[in-house]
Amino acid sequence: MPAARDDTHFGRRAVRLDEKQGLVNEVFHSVAGRYDLMNDLMSFGLHRMWKDALVAKVRPSPTRPFAHLDVAGGTGDVAMRVAAAGGPLTVVTVVDVNGDMLSVAKERAAKRSFSKRLTFIEGNAEALRLPDSHFDAYTIAFGIRNVPRIEDALKEAHRVLKRGGRFLCLEFSRVDLPVFDRIYDAYSFAAIPVLGKAVTGDGGAYRYLVESIRKFPSPDRFAEMIAEAGFARVDFTRLSGGIVAIHSGWKI
Ligand SMILES: C[S@@+](CC[C@H](N)C(=O)[O-])C[C@H]1O[C@@H](n2cnc3c(N)ncnc32)[C@H](O)[C@@H]1O
């Protein structure tokens with residue numbers, strides 16, 4: 001049966017749109033403390049390379065003021081990379097709906113002396129409490145898949161970017177290489193929840209991860225959604241055989 005307009009998915013489960021955010025929040029509340037370790041283990045460290053590739057596209061200015069927004073910023077991985085790549089006038093605002101993830105981010109930023117250039121806001125990607133046309137670039141890494149109303153988040157991204165600003169999204173995508181797709185599926189469904197249970201105590205959180213990746217729109221459809229939100233010159237790059245993709249669009 002097709003999903004009703006107010007329905008969405010939480011992993012494989014059909015849920016009401018207004019139910020999903022609470023379920024997602026439980027997942028990240030449960031894994032926040034061991035989130036970074038788990039990322040390294042399950043991706044064999046590859047998530048670092050994917051985030052480097054994302055930040056290479058941001059290209060914050062080393063000399064001029066650069067206002068960056070990282071939404072669903074979690075433990076601050078992308079925000080700190082942007083701050084490190086930019087100059088002293090690069091400032092990064094990190095928005096995440098989950099205070100537990102932001103607490104880890106704040107601690108990490110303080111240890112790396114980035115606190116002065118990073119601002120943390122607990123808030124929702126669907127309704128940013130931020131001014132219009134303010135940011136030079138917007139990133140969202142492994143976040144958009146968790147947002148119940150993706151269209152609203154994309155419209156908000158467009159609203160808060162300056163003209164000439166760039167939207168960049170790093171997200172799990174579709175592996176479409178024969179044989180590798182079956183190995184990847186077997187690894188995802190059999191190993192990741194078991195690893196998640198062993199490391200974080202919550203296998204269900206990582207089952208949600210694997211299932212939600214399969215429910216996310218195809219890279220072509222997601223590119224259309226970005227264009228529908230008003231972005232121009234939308235394109236995407238697949239990395240690591242399509243395990244992830246980086247989508248990009250410009251506000252012109
Ligand atoms: C998989 S983590 C990604 C964290 C970080 N960007 C990274 O790449 O390591 C997903 C993050 O999205 C956040 N999130 C989920 N729904 C959100 C929403 N509606 N608005 C803002 N953040 C959200 C979660 O709290 C979580 O921190």
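Biologist: What percentage of the residues in the chain are buried?

Modeller: Remember that this is a predicted model. Buried means under 20% relative accessible area. Here 52% of the 252 residues are buried.

Biologist: And the accessible surface of the chain, what does it come to?

Modeller: About 11,900 Å². Carbon and sulfur atoms hold 55% of that area.

Biologist: Which secondary structure elements does the chain have?

Modeller: Nine helices and nine strands. The radius of gyration is 17 Å, close to the 18 Å from the globule rule for 252 residues, so the chain is as compact as a globular protein of that length. The C-alpha trace spans about 50 × 40 × 35 Å along its principal axes.

Biologist: How far apart are the mean positions of the positive and negative charges?

Modeller: They lie 5 Å apart, for 36 positive and 30 negative charges.

Biologist: Now the rings. How many aromatic pairs does a search of the whole structure find?

Modeller: Ten. One of them joins Phe28 and Tyr35. Planes over 60 degrees apart count as edge-to-face. Phe28 and Tyr35 are at 65°, with 6.3 Å centre to centre, so this pair is edge-to-face.

Biologist: Are Phe28 and Tyr35 buried or exposed?

Modeller: Both Phe28 and Tyr35 are buried.

Biologist: Which residues do ring pairs link into a cluster?

Modeller: Trp50, Phe142 and Phe172.

How values were computed: Residues numbered from 1 in each chain as written. Predicted model: local features only at pLDDT ≥ 70, side-chain atom pairs only at ≥ 80, totals over all residues. Heavy atoms only, no water. Helix = DSSP H or I, 4+ residues; strand = E, 2+ residues; numbered from the N terminus. Rg over C-alpha atoms; globule rule 2.2 N^0.38 Å. Buried < 20%, exposed > 50% of the residue type's maximum accessible area, 1.4 Å probe, protein only. Areas by Shrake-Rupley, 256 points an atom, 1.4 Å probe, with all protein chains shown as cover. Lys, Arg positive; Asp, Glu negative; His and termini not counted. Charge placed at Lys NZ, Arg CZ, Asp CG, Glu CD. Phe/Tyr/Trp six-rings, centres within 6.5 Å; stacked < 30°, edge-to-face > 60°.
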